[in-house]
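Please have the structure open while I talk.

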Amino acid sequence: MASRYWVGGTGTWDNSTTTHWAASSGGAGGQSVPGSGDTVTFDGSSGGGTVTPNYNMSCQAFTMGAFTGTIDFSVNNPSPTFTTFDNSGTGTRTLRMGSGTWTITNTSPVAWQMGTVTNLTFQCNTSTIRFTNTNNSNTCTFVAGPSMVYNIVWFDRGACTANNTFNNNFTAAELKDTGTAAHSVIFIGGSVTTVTTWSISGNPGALITINSNGTATHSLVKVGGTRVSVDYLNIQHSVASGAASWYAGDHSVNNQATTSAGSGWIFTSASSPSSSVSNSPSPSVSSSPSTSPSPSHSISSSASTSPSPSSSISNS
C-alpha cells in the first residue's frame, strides 16, 4: 500500500496523469496515480485551486479535512469507491459530490467522518452514499457533521448483524437500510434527524432495531406529505413527528414504554382502519395521513429545514 498526496493545485484527477501525485505531503509530483491499495490525501500543501475527478476511482482511505480548495465531483459525476472517507477539519474547502454513488467499503475507525465542518462548503447534489462492509464485528458509523444535508444515505450490508450508527443532527432526502439480517440502527440520544423518505424496514424473523445509544430519546422528523409505511422493526426511545404519519407495520415491536419513552410511531400498517400510536393519550388515529408541502431550501449551520438534493452548506 502506498500513500498519495495531491500537489500543485488546480488539475484533473484522472487515471493516468501523475503530475499532481506525490509520495509525501508537499513532495514532488510524478508518483503513480493512486490505486485500490493506496490512500489519498488532500491537505494544506496540496496547493488549493479546483480538482476535478473524471473517472470511477477506487482507493483506500480518502482524507481532505485540511485541504484549502475545491474538489468538484459534479462536473463528471464519477462513482468513487473508498474504504473510509474523512472530511473533518478546518481547511477552507469545498466538496461537491455530484450524482454518482460513493461506495464506502470499510468501517474503521469511522466509515464517514465529517465531525468538524469549520470552513467547509458542502454540496451533496444528487449523490448516494452506500456502505457495503459485511463484517459482523464492525459497527458502521456515519458522522454526518452538525446540520449537514445529504441526498441518499444507504446501508447495504447484506446479512451483516453489526450496528449502523448515526451521529449529529443532520438532514437527508432518504435514509435507506437493505440489510437482510437482524441488526440495529442507532441514533445519538438527543439528536434530530430530518428525512423526506424513510426506507428502513426489516424482514420476517430479522427485525431491525431502531434505538438510541442510551436511555435518552432521539427525534425523527418527516418532511413532505408521503407517510412512512414500513414493517418488521423493533422501536425504542424514538420520537417520530413531522408532516406525515409514521406507520411501523403490523409485525413491528413496540418497546417505546421504557425510561425516556418514545412516541409518534403507529404500530400497525398504513392500510389498517384503526391504528395505535405509541405513548399517545388517544389509543387510535385515522389511517388517513396528514400532508403538507415539502419546501426546498439551502441549510446553514444555524438552521434546520427540509432537504434539497443539491443543497449547499457553508460553515465558517
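On salt bridges, the count in this predicted model comes to two. As background, side chains of opposite charge can pair when their charged atoms come close.

Start with D72 and R96, whose side chains meet in a salt bridge at 3.1 Å, N to O. D72 sits in strand β8, residues 70-72, and R96 in strand β11, residues 93-96, so this pair ties together parts that are 24 residues apart in sequence. Are the two partners buried or exposed? D72 has 8% relative accessibility and therefore counts as buried, the cut-off being under 20%. R96, at 26%, counts as partly exposed.

The other pair is D156 with R130, and here the N to O distance is 2.8 Å. D156 belongs to the loop between β17 (148-155) and β18 (164-167), while R130 is in strand β15, residues 128-131, so the bridge links parts 26 residues apart in sequence. D156 counts as buried because its relative accessibility is 19% and the limit is under 20%. R130 is partly exposed, with a relative accessible area of 26%.

How many cavities of 30 Å³ or more does the structure hold? One, and the volume of the largest cavity is about 30 Å³. Its lining consists of F155, R157, G158, C160, A162, N164, D177, G179 and H183. By class, that lining divides into three nonpolar, four polar and two charged residues.

That covers both topics.

Methods. Residues are numbered from 1 along each chain as its sequence is written. This is a predicted model: local features need pLDDT of at least 70, side-chain atom pairs count only at pLDDT 80 or more; totals for chains, interfaces and linings use all residues. Side-chain values use heavy atoms; hydrogens and water are left out. On a 1 Å grid over the protein atoms alone, a cavity is a set of points where a 1.4 Å probe fits but cannot get out, and a pocket is an open set with protein on both sides within 12 Å along at least five of seven lines; lining residues have an atom within 4 Å of a point. Grid points are joined across faces, edges and corners, and a volume is the space filled by probe spheres set on the points. Ala, Val, Leu, Ile, Met, Phe, Trp, Tyr, Cys and Pro count as nonpolar, Asp, Glu, Lys and Arg as charged, and the others, Gly among them, as polar. A salt bridge is a side-chain nitrogen of Lys or Arg within 4 Å of a carboxyl oxygen of Asp or Glu. Helices (H or I, at least four residues) and strands (E, at least two) are DSSP runs, numbered from the N terminus. Buried means under 20% relative accessible area, exposed over 50%, partly exposed in between (1.4 Å probe, protein chains only).
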